[in-house]
Amino acid sequence: MNMDISEIQTFDHDVVVIGAGGAGLRAAIECSAQGLNTGMICKSLLGKAHTVMAEGGAAASLGHTDERDNWKVHFRDTMRGGKFLNQWRMAELHAQHAADRIRELEEWGAVFDRTSDGYINQRPFGGHRYPRLAHTGDRTGLEIIRTLQDYGIHQGIHVHQECTALKLLKDSGKISGVFGYWRDTGRFVLFRTKAVIMATGGAGKIWRVTSNSWEYTGDGMEMAYSAGAELIDMEFAQFHPTGMIWPLSVRGILVTEGVRGEGGILLNSNNERFMFNYTPDRFKEETADSPEEAQRWLDGDASARRPPELLTRDVVAKSIMKEVEAGRGSAHGGAYLDIASRRDGEYIKRKLPSMYHQFKELAEVDITNERMEVGPTLHYMMGGIAVDGDTQMTAVPGLFACGECTGGMHGANRLGGNSLSDLLVFGWLAGKGAKDYVSQLSRPLQIDPEHVEEARREAVGPLNQEGGENPYLLHEELQNIMNDVNIVRTAAGLQRAIESLQELKPKLANIYAAGSSQYNPGWNQALSMRPMFVVAEAVARAALIREESRGAHTRLDFEGEREEWGNINIMICQNADGSMDTRKVDRNAPPDHLAEIAYSNLEDLEGGVHV
Ligand SMILES: Cc1cc2nc3c(=O)[nH]c(=O)nc-3n(C[C@H](O)[C@H](O)[C@H](O)COP(=O)(O)OP(=O)(O)OC[C@H]3O[C@@H](n4cnc5c(N)ncnc54)[C@H](O)[C@@H]3O)c2cc1C
């Protein structure tokens, strides 16, 4: 029997932000500041988002630790780290505005670590030419979230916690609402709105070994895709080189790059500092070729080049894999990360307090005395919802997106620290974009009760079955399939993954959750399976199409970057029959001034103007 939609609890907002991590909060603050009635939905409690877990810091060319830094060098590093596949405009906006967004956070009360003369301190990180990450020990995300929350709740934002958004609703092609449910009571809820800003973060849970927590099932990417938006470059999923690998129960938990930024080195089972053997040609001019030079760089010698442990994440992750393949891996199949022999215990506890406690409590390892064991873990999605850089609007009128759920900004590989600054810059721009859009809407938008009923029917499907597929087992099957879409890939493996996903679809349609909708984790899990399937298929299909190895995407059957792919983005959207459409598009040529910066010599950029 159809439900009368007037029975569904309904809220009215000018704009609804889905997700309350850094991107969602920054977007909501901007919307509210612009006078919009702003609602924010989050799947878990406010403050529980990946942003809070960020450890290392936020990249911005403040130039406090090395005054040669400026937005142009940051832009150049980001493009090189992304293997030149980044959307030019996004990388430009990010580099130009990151410093102001960090200063703004400071004005709102964020407390960052300081240099001896009182400026925000900046730490070195992989792929960044100069120490660039504003940080608060290794709890930077916590400080950012705390600041945004404290500031945001005083801006009049309406927060709807433990509420999962399931579907976007449209009126004549334009966004007009969001359908969701309260996770505790299972009751449905409707948000009438003129615009939606998607800020739901990543999709790490489709892989088994991941630094991501339970919320990251690709919901925003799927909702946007199902509403008609495009996904871009989904093949680029970042494997962070250093996740915990032992004991098994904590496999995947992140070991911040800050450990290497503070001087930590990677060793194989022969105690060799192997990263000196893996510097790619592109980075040779910037990378130390001896331990002595690396040490001089850490000691602040401006003429020295940075240590090879701070090469980009794709390079370090693959180097560890190669050591393991060559039989020189650590006891449990990774590498050793040693900070104990490089820094004294007090320094480690002060700069890396979370790492100290994490290893002590979870692995009974004292990192001030012992080496850590680490290996690659799925960490971040470079691919995601395609947006216009300046406004953050997707192809669907009224649908905006920002943060990790979007794609394009980081190209084929994200530099560490660039996500936290990305959230701040693009959250801010998405808020502005939504305001401009809402201001020019000429008529009230409607919600079609039929669409609500359809969304409700889909949602209760797993509860109305007599029996069927266990959502947890289906999740495991999906993660098994993704072993073929892992850090290294082949055509045969990707083809197999795509076929297996197709074969599994009838099981997805037959998914079953016992019990009622109240307090039902099985049902919650069942509802997150469609997003995971969509994202998994998108990643596998895009990875099969890209016949080269670039950044985070490594094809054993197509080694190395291929020139013909250097300017190609892979776009994905939903066909009218529900199937997935993939197409290759030529990325716009860069404007001359950006091409010049991206391919320039460093000397030409140093000492430029700080913005
Ligand atoms: C352990 C760890 C350490 C990291 N360290 C760093 C670092 O040092 N520097 C750096 O730059 N980056 C770092 N990153 C990456 C960075 O933290 C994330 O990319 C970033 O925080 C993502 O922010 P976001 O706002 O896009 O999404 P998130 O912070 O992930 O927030 C997503 C929000 O969406 C909500 N949500 C999801 N689905 C739904 C739904 N269906 N309905 C309602 N709400 C939903 C979630 O509940 C959450 O509120 C780290 C990541 C991890 C996991």
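This is a predicted model: local features need pLDDT of at least 70, side-chain atom pairs count only at pLDDT 80 or more; totals for chains, interfaces and linings use all residues.
The residues of the shell around the ligand divide into 15 nonpolar, 22 polar and five charged, where Ala, Val, Leu, Ile, Met, Phe, Trp, Tyr, Cys and Pro count as nonpolar, Asp, Glu, Lys and Arg as charged, and the others, Gly among them, as polar. Residues are numbered from 1 along each chain as its sequence is written.

The shell has 42 residues, and the closest to the ligand are Gly 19, Gly 21, His 50, Gly 201 and Gly 403; a residue belongs if its C-beta atom, placed from the backbone, lies within 6 Å of the ligand. Helix H13 gives the largest share, four residues, and among the other elements that give two or more are H1, helix H2 (50-53) and strand S8 (163-171). Helices here are DSSP runs of H or I with at least four residues, and strands are runs of E with at least two, numbered from the N terminus.

Turning to H1 (residues 22-33) and H13 (residues 418-439), these two helices pack at an angle of about 35 degrees, with their axes 7 Å apart; the axes are lines fitted to C-alpha atoms over the stretch in contact, and angles run from 0 to 180 degrees between N-to-C directions. Among the residues making this contact are Ala 23 and Arg 26 of H1, together with Leu 420 and Trp 428 of H13, contact meaning C-beta atoms, placed from the backbone, within 7 Å. The residues of this contact comprise ten nonpolar, three polar and four charged.

Lastly, some backbone details. Most residues other than glycine have a negative phi, and most peptide bonds are trans. In this model, however, a cis peptide bond joins Trp 246 and Pro 247, with omega about 0 degrees, and Pro 247 sits in the loop between strand S13 (237-244) and helix H7 (258-261). Asn 271, a residue other than glycine, has a positive phi near 70 degrees, and lies in the loop between strand S14 (265-267) and helix H8 (281-284).

Notes: Two residues are in contact if their C-beta atoms, placed from the backbone, lie within 7 Å.
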